Amino acid sequence: MEGEGVLSSGLSMAELGQRIRSGRRARGLTVERLSALSGISRSMVSEVERGAKTPTVLVLDRLATALGTSIARLLDEPAHAAMRVLRLEEQRVLRDPSGWERRVLSPVLPDVEFEFMRTTIGPGVDAGEFAPHAPGSREYLAVERGRLRLTINGRPYELGAGDSAYYPGDCRHAFANDGAVDCVYYLAMELGGAGEHNPWKESPDA
C-alpha cells in the first residue's frame with residue numbers, strides 16, 4: 001500500500017499534507033489512530049502530512065475514507081456559487097504510476113459528500129482494491145469504452161462498453177482492465193454519514 005505516486009492536481013504536496021493534517025486534527029485523531037483507521041503505516045501518514053512523500057491514489061483514497069471525506073475534498077476548496085463550470089484545465093487529475101488516471105469532474109460543495117469522476121485504466125492494469133466507505137455510501141458506474149473487471153467483496157463482474165452498475169460504497173471494491181485497450185468509465189460516488197466539514201485551514205492541535 002506504500003509507494004511513490006504522481007499527484008497531478010495543481011496542489012502542492014505541502015498543501016495536501018496540511019489539509020490531511022488539519023482534517024485529522026479537526027476530528028481529534030492522532031497520527032497513530034489515522035494510521036489504524038486507514039491501514040496506512042504511521043511513517044507513511046507522517047511523511048504525507050509533511051509533504052515529504054507523494055501518495056498513490058489508493059493511499060490517498062484510504063486516508064480520505066478514514067477521515068470520512070473524499071479525495072476531491074482534499075484536493076479542492078468548496079464552491080460557493082450556485083453555478084460552477086469546470087473547464088478541462090481546471091479539473092483535478094490524479095495519475096497513478098501503475099498506469100491509470102482519475103479525473104474529478106464535480107466541484108466540491110459545502111456539506112455535500114459527492115464525487116463524479118472519469119477514470120482511464122490502461123490495458124492489463126489492476127487499479128487495486130479500495131476500502132469500504134462510510135455506511136450508507138453509494139456508487140454508480142458506467143463504462144464508456146473497453147472492458148472493466150469490477151470486483152465487489154471478492155466477487156468479479158465483467159463489464160463492457162455501455163454497461164452500468166450500482167453497488168453499496170461501504171463494501172470492498174476493486175477495478176481492473178484485463179483487455180488490450182484502455183478502459184474508460186464514469187463513477188458517481190455519494191458518501192454516507194456526511195456531516196459538517198471544516199475548511200482546510202491549520203487548526204490548533206487536538
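Guide: A salt bridge here is a side-chain nitrogen of Lys or Arg within 4 Å of a carboxyl oxygen of Asp or Glu. The model is a predicted one, in which local features need pLDDT of at least 70 and side-chain atom pairs count only at pLDDT 80 or more, while totals for chains, interfaces and linings use all residues. Residues are numbered from 1 along each chain as its sequence is written, and side-chain values use heavy atoms, with hydrogens and water left out.

By this rule there are twelve salt bridges. One of them joins the side chains of Glu32 and Arg42, at 2.6 Å from N to O. Glu32 belongs to helix 2 (residues 31–38) and Arg42 to helix 3 (residues 42–49), where helices are DSSP runs of H or I with at least four residues, strands are runs of E with at least two, and both are numbered from the N terminus.

Glu32 is partly exposed, at a relative accessible area of 44%; buried means under 20%, exposed over 50%, and partly exposed in between, with a 1.4 Å probe and protein chains only. Arg42 is likewise partly exposed, at 43%.

The salt bridge between Glu113 and Arg73 has an N to O distance of 3.0 Å. Because Glu113 lies in the loop between strand 3 (100–104) and strand 4 (114–121) and Arg73 in helix 5 (residues 71–75), this pair ties together parts 40 residues apart in sequence. Both Glu113 and Arg73 are buried.

Finally, Arg118, Glu144 and Arg145 are linked in a network of salt bridges.
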